[in-house]
Amino acid sequence: MLSAARLSEIVTDLCGDGGGDHGGDHASHEAGLTDDELLEIVAVGEAVVRAMLAQQVRLAGEISMRSRTELGDEGLSRSQNFTSPVKLLSHVTGASARECKSRLDFGRTLRGAVLLGGGEGPAPFPLVTQRLREGALGVEAASAIVKQCTVLADRGCSADVVTVAEETLVDQTISCRLSADETFRAAIHLREVLDPDGAEPRDEVLQMQRSLTITQSADGMYRGKFALTPEQGGVWSASIRAMQSPRVAGPRFVDGDEYTTADGRTQAQKNADTVTELIARAAGAEDMPRINGAIATVNVHMTLDDLEKGRGVGWIDGIDQPVPASTVEQLRCSSPVATTLFGDKGEVLYHGKAKRLFTAAQNRALAARDGGCVWPSCDRPPSFCETHHANEWVSDDHPPGRTDIDNGVLLCHFHHSHLHKSPWKLTMREGTPHLIPPRWVDTEQKPIPTTRRRTIQRPAA
């Protein structure tokens with residue numbers, strides 16, 4: 001435990017005099033602290049900040065009272081030439097309008113109602129107000145308690161019940177040293193215990209608020225926002241976690257294996273890819289609605305010359321921005337995409353093929369042969385794989401669109417995308433998929449057999 005003198009000395013050194021170039025000195029003081037000293041200073045600093053924030057909330061409540069609408073031009077904010085107390089507080093403090101509104105609303109909630117004679121009634125949450133003033137309760141935790149107690153009051157619970165809820169939550173937060181998040185969860189739980197009948201009307205409100213909006217930006221990206229009910233959010237979260245589970249996806253990379261590519265995607269990128277994969281799988285399901293007898297399709301336009309040479313761009317119907325040739329090649333392998341090819345004069349040369357995608361029976365055969373993604377060290381099972389045409393869609397060896405099991409191979413979405421954009425090549429030899437490494441990996445570019453089939457006559461790499 002730090003002595004008061006030692007704590008004062010450290011805080012003074014860390015705060016400095018507010019001027020000059022003391023960054024190096026501050027860093028040296030912080031680096032010289034022991035672990036216990038560092039944590040104790042953080043705790044003390046938080047207590048100081050907590051008390052100051054509580055004071056700011058009380059002052060904001062007073063500003064709100066003095067700026068109430070019925071005072072007209074004599075109100076504080078309007079007398080200072082501001083149209084609202086939010087603008088006044090933001091101007092004085094430099095804080096954001098959102099933060100100022102939050103302080104004003106919470107401060108006003110803690111104040112008693114204005115009486116007919118102009119006085120103020122008793123505070124609705126006296127214990128929360130007292131513990132805030134003492135610095136024992138943080139603003140975030142206090143706000144969570146007040147919010148749920150207000151819900152109970154609005155639901156018609158008696159004043160005694162609301163008081164018991166307030167006292168219980170304040171005591172639990174302080175005595176058990178709960179964080180603001182833990183206090184929020186405790187308040188929700190207590191609310192449901194005291195008012196179990198309130199869940200149904202609250203759910204009706206949430207159901208009305210559910211939404212999903214998607215718009216296309218000028219750069220071609222689709223952006224949007226969504227609001228899900230708790231059960232919808234549960235379905236989304238559970239599905240995403242299942243798809244991203246290491247037990248399903250396998251290791252992201254393996255040390256010492258030069259043929260394995262690390263998954264460098266951010267979590268947000270993984271979420272976007274996972275939801276897209278879920279939608280694509282659902283769109284291709286047998287029981288999904290058909291339009292003109294076909295599953296959901298995306299039309300991609302590309303000239304035959306660009307497709308054969310693996311260059312240029314493709315154009316998706318309804319989207320202004322193009323996609324690169326590598327993306328078109330990947331889509332043509334496994335996605336429900338009908339690709340329209342145009343000649344140099346704009347004439348239609350080729351418009352898809354009825355049997356371009358591998359059938360369910362063929363995919364079962366490939367699953368038995370490959371056992372999942374054939375990329376070395378990837379553990380994705382067949383159910384998480386896409387079917388890739390080993391010899392390219394347009395090839396000198398085969399006519400365009402050959403969809404036979406001796407020309408198909410299973411790859412997970414990540415390695416499928418990686419293969420179309422990397423110098424690695426994949427081909428079939430004697431019914432077994434082989435990876436051909438780039439010259440910087442193997443100057444002889446010796447084909448590497450890749451399969452998990454246990455009946456293979458020679459071991460795979």
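This is a predicted model: local features need pLDDT of at least 70, side-chain atom pairs count only at pLDDT 80 or more; totals for chains, interfaces and linings use all residues.

Visitor: How many helices and strands in the protein chain?
Guide: The protein chain has 18 helices and 12 strands. Helices (H or I, at least four residues) and strands (E, at least two) are DSSP runs, numbered from the N terminus.

Visitor: And what share of the residues is buried?
Guide: Of the 461 residues in the protein chain, 33% are buried. Buried means under 20% relative accessible area, exposed means over 50%, and partly exposed is in between (1.4 Å probe, protein chains only).

Visitor: What percentage of contacts comes from residues 24 or more positions apart?
Guide: Such pairs account for 52% of the contacts in the protein chain with a separation of 6 or more. Contact means heavy atoms within 4.5 Å.

Visitor: Helix pairs next. How do α9 and α10 cross?
Guide: Helix α9 (residues 159-175) and helix α10 (residues 180-194) have axes that come within 11 Å and cross at roughly 150°. That makes α9 roughly antiparallel to α10. Axes are lines fitted to C-alpha atoms, for helices over the stretch in contact, and angles run from 0 to 180 degrees between N-to-C directions. Angles under 35 degrees count as roughly parallel, over 145 as roughly antiparallel, 65 to 115 as roughly perpendicular and the rest as oblique.

Visitor: Which residues make the contact?
Guide: From α9 they are Val161, Ala165, Thr168, Leu169, Gln172 and Thr173, and from α10 they are Thr183, Ala186, Ala187, Leu190 and Leu194. The residues of this contact of α9 with α10 divide into seven nonpolar, four polar and no charged. Ala, Val, Leu, Ile, Met, Phe, Trp, Tyr, Cys and Pro count as nonpolar, Asp, Glu, Lys and Arg as charged, and the others, Gly among them, as polar.

Visitor: Ala165, then: buried or exposed?
Guide: Ala165 is buried, with a relative accessible area of 1%. Leaving aside neighbours within four places in sequence, Ala165 is in contact with Cys149, Leu152, Leu190 and Leu194. The C-alpha atoms of Ala165 and Leu194 are separated by 8.4 Å, and the two residues are 29 residues apart along the chain.

Visitor: How does α8 pack with α10?
Guide: Helix α8 (residues 139-154) and α10 pack at an angle of about 15°, with their axes 8 Å apart. The two helices α8 and α10 are therefore roughly parallel to each other. Their contact residues divide into 10 nonpolar, two polar and two charged.

Visitor: What about α12 and α14?
Guide: Helix α12 (residues 230-244) and helix α14 (residues 267-283) pack at about 100°, with their axes 10 Å apart. That makes α12 roughly perpendicular to α14. The contact of α12 with α14 has four nonpolar, five polar and three charged residues.

Visitor: What does Glu277 touch?
Guide: Not counting residues up to four places away in sequence, Glu277 touches Met243, Phe384 and His413. Glu277 lies in helix α14 and counts as buried at 15% relative accessibility.

Visitor: And where is Trp236?
Guide: Trp236 is in helix α12 and counts as partly exposed, at 34% relative accessibility. Leaving aside neighbours within four places in sequence, Trp236 is in contact with Phe226 and Leu228.

Visitor: Backbone now. What is phi of Arg177?
Guide: Phi of Arg177 is near 55°, a positive value in a residue other than glycine. Arg177 sits in the loop between α9 and α10 and is exposed, at 72% relative accessibility.

Visitor: Gln445 as well: what is its phi, and where does it lie?
Guide: Phi of Gln445 is near 50°, also positive in a residue other than glycine. Gln445 lies in the loop between β11 (432-436) and β12 (448-449), and is partly exposed with a relative accessible area of 25%.

Technical notes:
Residues are numbered from 1 along each chain as its sequence is written. Side-chain values use heavy atoms; hydrogens and water are left out.
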